[in-house]
Amino acid sequence: MATVDLKDVKKVYPGGVEAVKGVSIAIPDKALCVLVGPSGCGKSTLLRMIAGLEAISSGTCSIDGRKVNEIGPTERDIAMVFQNYALYPHMKVYDNMAYGLRNRGTPKDEIDRRVKEVAATLELSHLLDRRPRELSGGQRQRVAMGRAIVRSPKVFLFDEPLSNLDAKLRGQMRVEIKNLQRSLGVTSVYVTHDQLEAMTLADMLVVMNAGLVEQMGAPLDVYEKPASTFVASFIGAPPMNLLPLTGDGTSFADGSATGLAKPAKAVTIGFRPEDADVAANGEVPAGSLVLSATVQAVEPVGAESFLHCAAAGGLIVVRVAGRATARPGDQLRVVAPAEKLHWFDQAGKRV
Amino acid sequence: MIGASRSRAYIAHAVLLLGILVVAFPIYYTFVASTQTLQTILRPPLPLLPGREFFTNYSEALFGGVGRIGGVGVGTLLFNTTVMALGIAIGKIAISILSAYAIVFFRFPLRMTFFWLIFITLMLPVEVRILPTYKVMVDFGLIDTYAGLILPLIASATATLLFRQFFMTIPGELVEAARVDGAGPWRFFFDILLPLSRTNIAALFVILFIYGWTQYLWPLLVTNRNDMNTIVIALKKMVSFADADTQWHLVMVTAMFAIVPPILVVVLMQRWFVRGLVESEK
């Protein structure tokens, strides 16, 4: 129904703090764009600028091709789901959902029809007469979603909507949001600090750091080809193992040789925990990274186990399938194949 | 109860009963005096049980017109006082909730200056500014009017601060949700802020109604005509220096009438009042 275009958007607070330092994102129609990053990276500020709750210092924000910099949140035709739901505590669920429509002068029977319809899709029909404080966290979350959907806006904005739910409910709601967004086909911007949420929800993933876009693209592309050490360590749990190289780049921090031909300018080598194998003595494919590692801790998760090891002067995590046989103190040979290695230069950029 | 042994419970109850007695006895005695003839009152000791003049005294006070205050019945006095107390309570709430709304939710130049200006008025008691206020009221021709009784008393720094504190506990997200939902400043105020403040308003109303009801100095200055007196002023006027000159039985009746409305307000609004003081809506 609408595209969202950000062109060199900046936010400078009075006092000179630059929260967003020039961000350009083009979100295609019907896409779910997830802004992810650590706290203070400017992702919420960016969302609030799209919403019109925060003034844009410079650059342009367009919704559906129309520049909206000077337009208030009401006229932008957006709906927002807040972290703490921000339901009106004195209003019944029905009125919470109807409030925005009433303010727009929608006819009464039309409001009634739409509220009931949305309540039915969200399984809220039996709760319409309750007040927010009589609802559980998950139900409140649904009402907040319902309030956004009922207005059928051009753009949905989600500000960490699941961070107040427990882990199980969070997983459930994640799937629900994804399905809902797909079936409604409404362009959405979703802010989170949870990389798992970001990976699973996004059509388009934007990783932000210190007010700048670090990388954007399809979630799996970002995962497989992180553009920087920051993205590599932020996306993926546990994060990518990063080992610094010293000297001319042929040895590790502890002085042991890498035995690899490195690309020019590379000063850091990285590999994902699941891309490394614990191999018995034997032949390894040419170009593989071979590390001798000492197990420090074992985290059994069930379907897989994570071995935390000391190797090459740093700490690495290796994923092994099923139950791990290694015990703390064991010596292992960790092998990562050549095509799964990532190289980063002095500035942390991918080589 | 902590340490719910029998003797402790007895002691606790005894203390409470004593407390009630200390508070309630003077009021009871006033009631007793209001049902006696003037002669009985003037000849001590006053009996501890109500006399037989209840209807005579009360009807005289209500409909007879009491001599010393220019033939004005208690009904008129009660009406005047009610108008003033309601005017002060409602006026104060309206003004302070609006100024608190402006100070908390809007960004305008000199916002903090205005806040401090309001705050500073707390430091000046009514008595200090009573002469200039009186002069202003005279110039406006508001002596012996309800407006003159009410207006100078309706600006309230205390109530403004109270609402300000409450408004500051309203989460920013709620304000933003309302903005996204298309609620302008007025709609936000009436649809969201006012309903959320209703317990605070109720508590303030009770306090301010009693404050207005018991006003003494200002009504004394600003009213000259007997039919504009408030009940508290009339009460004062009824009491003469010479004991024999004072119709004590009617004074007592008037005192009873002066007490009852504030009690009614407290009793009727008790539930809201307590909620407003102890609980904030979540």
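Student: Which residue stands opposite Asn241(A) in E13(A)?

Tutor: Strands of a sheet pair through backbone hydrogen bonds, either parallel or antiparallel. Here Asn241(A) faces Phe271(A) of E13(A). The model is predicted: local features need pLDDT of at least 70 and side-chain atom pairs pLDDT 80 or more, while totals for chains, interfaces and linings use all residues. Residues are numbered from 1 along each chain as its sequence is written, chains are lettered from A and ligands numbered from 1 in the order in which they are written.

Student: In what sense do strands E11 and E13 of chain A pair?

Tutor: Strands are DSSP runs of E, at least two residues, and helices runs of H or I, at least four, numbered from the N terminus; two strands pair if DSSP finds at least two bridges between them. E11 (241-246) and E13 (266-271) of chain A are antiparallel, over four bridges. The open sheet has the order E12-E11-E13-E19 (chain A), with E12 and E19 of chain A as its edge strands.

Student: How do H1(B) and H14(B) pack?

Tutor: Axes are lines fitted to C-alpha atoms, for helices over the stretch in contact, and angles run from 0 to 180 degrees between N-to-C directions. For H1(B) and H14(B) the angle is about 130°, with axes 8 Å apart. The pair is therefore oblique (under 35 degrees is roughly parallel, over 145 roughly antiparallel, 65 to 115 roughly perpendicular, the rest oblique).

Student: And H4(B) with H8(B)?

Tutor: Their axes come within 8 Å and cross at roughly 45°, so H4(B) is oblique to H8(B) as well.
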